[in-house]
Amino acid sequence: MVYVGLVTCDENPKLCDKLPTEYSGLLFIQGATPTMSLATILTNAVKIDTLHTQEILFSVLKNLPEPDRMTEDEFDTLHDKAIAGDIDPQIVIFSKSGVPLEIIKLRGQLKDQKPYQLDCNEYSKLCTDMSVTRHPTLFVLKDGGYERYHATKM
């Protein structure tokens with residue numbers, strides 16, 4: 001989830017006095033906490049040089065973190081736990097050539113769940129064994145096995 005806020009210097013002059021002039025405009029700030037210093041927050045901020053909604057959205061999405069990468073051994077371990085009925089649901093994305101923005105957006109929409117990515121360029125045998133023929137393909141590993149979802153359009 002991404003929250004958007006507006007700070008106007010007319011209404012918040014004390015905050016604006018703390019900001020260097022190069023920080024005027026739109027900033028995307030991710031992972032800030034109330035205990036972080038302003039300098040740390042601004043160091044991690046991404047300046048967005050547009051006021052067009054679609055371009056702002058694209059800038060935010062491309063700066064969200066990609067899913068954590070998973071190895072074949074890690075997948076095998078989770079798959080075995082799922083078959084044994086000893087797993088909380090896990091999402092694994094089988095893909096090639098990077099991660100589509102829609103998948104990055106998915107990570108932002110899931111609060112208690114973080115998807116993993118498995119690269120079929122690197123683990124082609126596993127992808128073949130799991131009958132992954134379209135990319136991306138999402139697996140939900142859960143008690144008793146898994147469900148597979150093929151992307152129709154990305």
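Start with the largest nonpolar core: it has 17 residues. Phe75, Val92, Phe94 and Leu118 have the most contacts inside it. By nonpolar core I mean a set of buried Ala, Val, Leu, Ile, Met, Phe, Trp, Tyr and Cys residues joined through side-chain atoms within 4.5 Å. Buried is under 20% relative accessible area, exposed over 50%, partly exposed in between, with a 1.4 Å probe and protein chains only.

Who supplies this core? α4, β4, β5, α6 (124-129) and β6 each give at least two residues. The most comes from α4, with three. Helices here are DSSP runs of H or I, at least four residues, and strands are runs of E, at least two, numbered from the N terminus.

A second, separate core has five residues, including Phe28 and Ile48.

A word on the source. This is a predicted model: local features need pLDDT of at least 70, side-chain atom pairs count only at pLDDT 80 or more, and totals for chains, interfaces and linings use all residues. Residues are numbered from 1 along each chain as its sequence is written, and side-chain values use heavy atoms, leaving out hydrogens and water.

Back to valine 92. Beyond its neighbours within four places in sequence, valine 92 is in contact (heavy atoms within 4.5 Å) with residues including Phe75, Leu118 and Phe139.

Now the sheet. It is open, with five strands in the order β3-β5-β4-β6-β7 and mixed pairing. Two strands pair if DSSP finds at least two bridges between them. The edge strands, β3 (68-69) and β7 (145-150), each pair on one side only. β4 (residues 90-95) and β6 (residues 137-142) pair antiparallel over five bridges.
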